[in-house]
Amino acid sequence: MGRIKDIWGFLRTRKKWWLLPIITVLLLLSLIIVLSQGSALAPFIYAIF
Amino acid sequence: MGFYDKPFLKFERLLETYLAFAPSGLQSYLKSMPLWLKEKLWMGDLIKKKLHGYKGDIKYPEHHQSHAASAFFPSPFEEAAIITMDGVGEWATASWGTGRGNRIDLHSELQFPSSLGLLYTAFTYYVGFKVNNGEYKLMGLAPYGKPKYVQTILDNLIDLREDGSFLLDMSYFNYCQGLTMTSDKFHRLFGELPRKPESTITQRDMDLAASVQVVTEDIVLRTARYVRRETGLQNLCLAGGVALNCVANGKILKERIFDDVWIQPAAGDAGGSLGAALFVWHQILGNHRDADGVHDLQQGSYLGPDWSDNEIESWLTAGGYPYEKMTETDLIDTVSDGITAGRVIGWYGGRMEFGPRALGNRSIIGDARSESMQSIINLKIKYRESFRPFAPSVLLEDVEEFFDTDRASPYMLLVAPVRASHRKELSEEEEKLFGMEKLRIPRSDIPAITHVDYSSRLQTVSAKDNPRYHALISSFKKKTGYGIVINTSFNVRGEPIVCTPEDAYLCFMRTEMDILALGNCLLKKEEQPPLKSKDEQCSERQKSSEAKSKEELRKFGLIMTGAFAALSVLLYFRNTSLLPPAAGLSGFFLLSALLYPRLLLPVEKLWMKLASVMSYIMTRVLLTLVYLLAVIPTGLIMRLLGKKPLQLDFKGNMKTYWVTVDPEGPCSRPEKQY
């Protein structure tokens, strides 16, 4: 949650709203990568796609 | 705790670069993004995890703020102008400002993609050396060439202003959107494709190196003069990768633009960590800084780890390696005898150097008077190109005896000419030689450290900074009359400088070094047992790292039990024939985990391999989708609306390309990652 707040603060301070859609999608992807890296669950997670 | 840049701002620059160049750039995007998404975007969490639950604050000074802090805070000056130049930080590629007491302030910056560091790196790449690694080779190659291409560079690649600010014509470069530094247009301009690594270096390569070196010096000198005028300050502090260009540094001193110059020895990004720490200590926490105008606070840059004689002896004894324990006086006497006899010495002891230069604690040492020593050390010890010059360590009190300078250079960051009294007259025929042919002609009575243009990148050694090393060179001087030796870093090409006694021993045994001084223990090559083969050592290390503990396998088994159990529940509601095998696998993993986890070892190996392959492929597939569906459309829409994330218009009509640093911008919020 703290990280999301940081990124929101970043977009607001820098006023770079056109980055919002790309950053949102990349953050979701980042979560998947972080959760699955080095984990035995990765094949189950990626099977969803 | 301080981290040396602002990850979110860097990420912003990356994304905006892709937006500016979309649809080009997919390859570069696919290469950089996985690491960003895995680690760099979560830097705070990563630092805390790696520091085992550190709970304090983390500050994020801007990249060039960190460089500036690393240049000013350890310097001897109470106040000074600061210049930083490198490849790129967040957006800035160079900056200047001032330091006073315990505070630094950046005034202006140049912004990506115009970068002196990247211009130099582009030529490094074009001449066939490794990017971010071979820049010092290009600098070493420059004196062999003639600067024939300076005008071509100035007319085509760069729009340079009197104040040292400039724009690059990005149509000649490919580093924003591609995996190479230079574009086809660059290759057409200079008439050939980039030189293939390991192919023969030609006179043309040397001329290119000489040309970009002249342009670099021109930019650095213009910037230094401008900053001197603007700040009115008498002293200068330098940092950033470009400050490792000791030839350009030497020019600043020679031109007497500033009364004195101090350069951070770890001028590259490694030094950014030191800068970030000092920034937090002085500027954020407000701690006082003492500056006496003479002595710096870098402690000789001997800031790394140390091994005591007892620890070294225990390691040697445990390994069964023959050695002789000596008093320091005897050791120094024996080693200086060895140097006099033309032996190559591995010299190890005390705290490791911080920064890219070995300064006498992790050094390979030889006789600077020897005509063959440069190629012996290059080809038999360092396994590198024979043109690469060596640097001397000279007693501080003898520097004027050998070189045209009266300045101390304790960190090997200054270049000075060898004194005329030590030079040898060249015959007319020798004067006419070109390129590498010049290498074979001894140019002074200390030929191993005299470059083809009579220059030398020297280290002055004082008894105060490094008494052991000073005593060694003094002992050599007593025997030969020369208070000067070759000093090159203790490593072989492509490997880092040795850190531990084990690193030093392995490097000693794998090269043709004759003697190794490990602390006060002396090892002779001929007495050592043959080294275990590389494969044997690797496989031993591999075995120990691969050995999975019982607990890890049990954890794996339980995770798989849970995953297959969840799958079974799903399959139950779908009523398919796959339910029994899924439930069976869940049971198998549970029983194995509880009763005999070792049974799971081959399954775990195969499964984790599958996981890693799937992660690799799926990450790239999903990233490509994001690029196609989000990055390209956003980039194209921005261009239609006239929004330009990067300054790409070449030859603008601005008087200067320096951009004033916003006092309320990123530099003013070290607590934020942006």
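This is a walk through a predicted model, starting with chain A and moving on to chain B. Residues are numbered from 1 along each chain as its sequence is written, and chains are lettered from A in the order in which they are written. Because the model is predicted, local features need pLDDT of at least 70 and side-chain atom pairs count only at pLDDT 80 or more, while totals for chains, interfaces and linings use all residues; side-chain values use heavy atoms, with hydrogens and water left out.

Let us begin with chain A, which has 3 helices and 0 strands. Helices here are DSSP runs of H or I with at least four residues, strands are runs of E with at least two, and both are numbered from the N terminus. The C-alpha atoms of chain A fill a box of roughly 40 × 20 × 15 Å along the principal axes. Of its 49 residues, 43% count as buried. Buried means under 20% relative accessible area, exposed means over 50%, and partly exposed lies in between, using a 1.4 Å probe and protein chains only. Chain A exposes about 2,800 Å², and carbon and sulfur atoms supply 72% of that area. Accessible areas come from the Shrake-Rupley method with a 1.4 Å probe, and for residues only the protein chains shown count as cover.

Now look at where the two chains meet. E12(B) forms a salt bridge with R14(A), with the closest N and O atoms 2.7 Å apart. E12(B) lies in helix α1 of chain B and R14(A) in helix α1 (residues 2-14) of chain A, so this pair joins two chains. A salt bridge is a side-chain nitrogen of Lys or Arg within 4 Å of a carboxyl oxygen of Asp or Glu. E12(B) is buried at 0% relative accessible area, whereas R14(A) is partly exposed at 22%. Also in helix α1 of chain B (residues 7-21) is E16(B), which is buried at 2% relative accessibility. The side chains of E16(B) and W18(A) are joined by a polar contact of 3.5 Å. Such a contact is a pair of N or O atoms within 3.5 Å; within protein, one must be able to donate a hydrogen and the other to accept it, and residues adjacent in sequence count only if both atoms are side-chain atoms.

K251(B) sits in helix α10 (residues 246-254) and E217(B) in helix α9 (residues 203-231), 34 residues apart. K251(B) is partly exposed at 29%, while E217(B) is buried at 9%.

Finally, turn to the surface of chain B. L594(B) and F588(B) are among the residues of a nonpolar patch with about 870 Å² of accessible area together. Patches are made of residues with over 30% relative accessible area and no salt bridge; like charges are joined within 9 Å, and nonpolar side chains (Val, Leu, Ile, Met, Phe, Trp, Tyr) within 5 Å. Helix α21 (residues 579-595) gives the largest share of this patch, 6 residues. L594(B) is in helix α21 and is exposed, with a relative accessible area of 52%.
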